Amino acid sequence: MELLSALSLGELALSFSRVPLFPVFDLSYFIVSILYLKYEPGAVELSRRHPVASWLCAMLHCFGSYILADLLLGEPLIDYFSNNSSILLASAVWYLIFFCPLDLFYKCVCFLPVKLIFVAMKEVVRVRKIAVGIHHAHHHYHHGWFVMIATGWVKGSGVALMSNFEQLLRGVWKPETNEILHMSFPTKASLYGAILFTLQQTRWLPVSKASLIFIFTMFMVSCKVFLTATHSHTSPFDALEGYICPVLFGSACGGDHHYDNHGGSHGGGGPGAQHSAMPAKSKEELSEGSRKKKTKKAD
């Protein structure tokens, strides 16, 4: 029975890895990506006043990972834009989300049960892109582990790693929102997934690619659906990093800035550092004021 269950699981993983992404899964990916663009402050106003800039931002949200991967591997950055079907599908999604009468399309895809389905399908695309990116990099650099990891990482992270450039297209400059400084869960998961798929590609991880795609996809879908349903910004890796990072690096990874940007103060040094800096500043001001009074008296 165990052998039969193992065989059925292997067949299930193999069949799952062969499911075509276009058009259903790609459509879900485009919908969720452009939804996140519309959530950005000023995105709706930008679409009304500068629709071309808004369309470019939408294309970056949908295809930014391909642009970064081509940049790393020295291939034409505009190469993926020759895929007319994907560009037209993403453009149609952008138009419906921003310009559909009465915001009907936006309201439908934002309905939480529907949105959770799209979020789950987007994670299927993300994991497949990581695996394909590492396989593609392996053809160029057979022993380049770091190249494979970097390529898989940018394939999975999407526009997050080039968010500052995307902000410039919207006329916004916020260098403190750099994704590398404040990694979100998808960015961290893409990095860890890229490491796993690189180990599998180089035969250091004794598992088939289809099985790894299936297992990692189930993990990503479960985590992302749960985080979206609960409106949580925490990461499932926080607990593990809380134990490992102080041992390896002497402090928690990410520091307080990660939590401050999300409106919370879970880090130990966030508010405390601010309160400790304020008295120091007031002492300096007092001492400077006393010096000025002494010089006035002396004069």
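**Ground rules.** I number residues from 1 along each chain as its sequence is written, and side-chain values use heavy atoms, with hydrogens and water left out. As the model is predicted, local features need pLDDT of at least 70 and side-chain atom pairs count only at pLDDT 80 or more, while totals for chains, interfaces and linings use all residues.

**Entry 1: overall make-up.** I looked up the elements and found 14 helices and zero strands in the protein. Helices (H or I, at least four residues) and strands (E, at least two) are DSSP runs, numbered from the N terminus. I then looked up burial: of the 299 residues, 41% count as buried. Buried means under 20% relative accessible area, exposed over 50%, and partly exposed in between, with a 1.4 Å probe and protein chains only. Among contacts (heavy atoms within 4.5 Å) with a separation of 6 or more, 72% are between residues 24 or more positions apart.

**Entry 2: α7 and α10.** Two packed helices are described by the angle between their axes and the distance between the axes. Axes are lines fitted to C-alpha atoms, for helices over the stretch in contact, and angles run from 0 to 180 degrees between N-to-C directions. I found that helix α7 (residues 112–140) and helix α10 (residues 185–201) have axes that come within 9 Å and cross at roughly 45°. The two are therefore oblique to each other; angles under 35 degrees count as roughly parallel, over 145 as roughly antiparallel, 65 to 115 as roughly perpendicular and the rest as oblique. Residues of α7 in this contact include Arg126, Ile130 and His138, and those of α10 include Pro186, Phe197 and Gln201. By class, the contact of α7 with α10 has seven nonpolar, six polar and one charged residues. Ala, Val, Leu, Ile, Met, Phe, Trp, Tyr, Cys and Pro count as nonpolar, Asp, Glu, Lys and Arg as charged, and the others, Gly among them, as polar.

**Entry 3: α7 and α8.** I looked up helix α8 (residues 145–157) next, and its axis is 8 Å from that of α7, at an angle of about 150°. α7 and α8 are therefore roughly antiparallel to each other. The contact includes Lys129 and Gly133 of α7, and Met148 and Lys155 of α8. By class, the contact of α7 with α8 has five nonpolar, six polar and three charged residues.

**Entry 4: cysteines.** I searched the whole structure for disulfides (pairs of cysteine sulfur atoms within 2.5 Å) and found zero. Cys110 is in no disulfide, and the nearest cysteine sulfur, that of Cys108, is 9.7 Å away. Cys223 counts as buried, because its relative accessibility is 12%.
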